[in-house]
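Subject: Structure handover

Hello,

Here is the structure for your files. Please open it beside this email; my notes on what turned up follow below.

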Amino acid sequence: MGKWITKILISLKDELLDIIYPPKNSCIICDSEFMGICPLCKSKIKRVKEFDKVHSYGYYNGVLKKLILEFKYNKNFVAGSILVDFLCNMIIENKFDIDFIVYIPSSKKAIRDRGFNQCEYLAEEISKNLSISVCKDIIKNKNIKEQKLLSKEERYKNIKGAFSLKTDKNIKNKKLLLLDDVMTTGATLYECEKLLKESGAISINILTVAKSYI
């Protein structure tokens, strides 16, 4: 009964978003007659082909940067849906074995300013498309300076000890996908990865929409 009610609520939320933010019948980037993103604009995204610890769809510039900024700061859920498709394809292509999706939490101030956590939205939509449960147990337990204002060294110091878990029941002995929108130095992702490993995760695949050139 609970899962059935949850599905109805998710469906109602999607319908409400379509009413508030109706999708355009044109490319979100160039306004050509193509719903979503046209093949030409999509082809301009510079894909990341070599991965270290983090898998990223593309580099944070041009078309991909515009999609992320539109989604993150202008609540453009057409852009958000496009990013979700990119991430779902990455998960399928790389054959990630996942028990739970976990995501980087936003600060209370960021949620107040934007009205939502973009990573939570991405996680929930991936969950809906690929039937993978979302774990919301990572919490931010201290206010920190904005990472984008800091140097690489300062970012690692700033983020240290910034996260904790509500519970480890969905972490211990589980295979996880750790999700974020943009990777710059990786300080935030690696701090959360460390927390998840210390809490007993079997494996952690890290996935982001974009990777900065920094």
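Leu-64, Leu-67, Ile-68, Glu-70 and Phe-71 of α3 touch Phe-77, Ala-79, Gly-80, Ile-82, Leu-83 and Phe-86 of α4. Contact here means heavy atoms within 4.5 Å. By class, the residues of this α3 and α4 contact are nine nonpolar, one polar and one charged. Ala, Val, Leu, Ile, Met, Phe, Trp, Tyr, Cys and Pro count as nonpolar; Asp, Glu, Lys and Arg count as charged; the others, Gly among them, are polar.

Some ground rules before going on. The model is predicted: local features need pLDDT of at least 70, side-chain atom pairs count only at pLDDT 80 or more, and totals for chains, interfaces and linings use all residues. Residues are numbered from 1 along each chain as its sequence is written, and side-chain values use heavy atoms, with hydrogens and water left out. Helices (H or I, at least four residues) and strands (E, at least two) are DSSP runs, numbered from the N terminus.

Back to the helices. α3 and α4 pack at about 125°, and their axes are 7 Å apart. Axes are lines fitted to C-alpha atoms, for helices over the stretch in contact, and angles run from 0 to 180 degrees between N-to-C directions. α3 is therefore oblique to α4. Angles under 35 degrees count as roughly parallel, over 145 as roughly antiparallel, 65 to 115 as roughly perpendicular, and the rest as oblique. The crossing of α3 past α4 is left-handed. Left-handed means the near helix is turned anticlockwise from the far one by less than a right angle; right-handed means clockwise.

α4 (residues 77-93) also packs against α6. Their axes come within 9 Å and cross at roughly 60°, so α4 is oblique to α6 as well. This crossing is right-handed. On the α4 side, the contact includes Phe-77, Leu-83, Leu-87 and Ile-91. On the α6 side, Tyr-121, Leu-122 and Ile-126 are among the residues involved. The contact of α4 with α6 comes to eleven nonpolar residues, three polar and one charged.

Now the sheet. It is open, has five strands in the order β1-β7-β6-β2-β3, and pairs in parallel. Two strands pair if DSSP finds at least two bridges between them. β1 (54-59) and β3 (133-134) are at the edges with a single partner strand each, so one side of each has no neighbour in the sheet.

β1 runs parallel to β7 (residues 203-211), joined by five bridges. Tyr-59 sits opposite Lys-211 in β7, and Gly-58 sits opposite Ala-210. β6 and β7 are also parallel, over eight bridges. Leu-178 has Ile-206 of β7 as its bridge partner.

Helix α3 (residues 62-74) lies across β1, β6 (175-183) and β7, at about 100° to β7. Helix α6 (residues 118-130) packs on the sheet too, touching β2 (100-103), β3, β6 and β7. The direction of α6 makes about 135° with that of β6.

One more helix pair. α7 (residues 152-159) packs on α8 (residues 187-198) at about 35°, with axes 9 Å apart. α7 passes α8 in a right-handed crossing. Arg-155, Tyr-156 and Ile-159 of α7 meet Ala-187, Thr-188, Tyr-190 and Glu-191 of α8. That contact splits into four nonpolar residues, one polar and two charged.

Last, the charges. There are eight salt bridges (a side-chain nitrogen of Lys or Arg within 4 Å of a carboxyl oxygen of Asp or Glu). One of them joins Glu-193 to Lys-53, with the closest N and O atoms 2.9 Å apart. Glu-193 is in α8 and Lys-53 is in the loop between α2 (39-43) and β1, so the pair ties together parts 140 residues apart in sequence.

Best wishes
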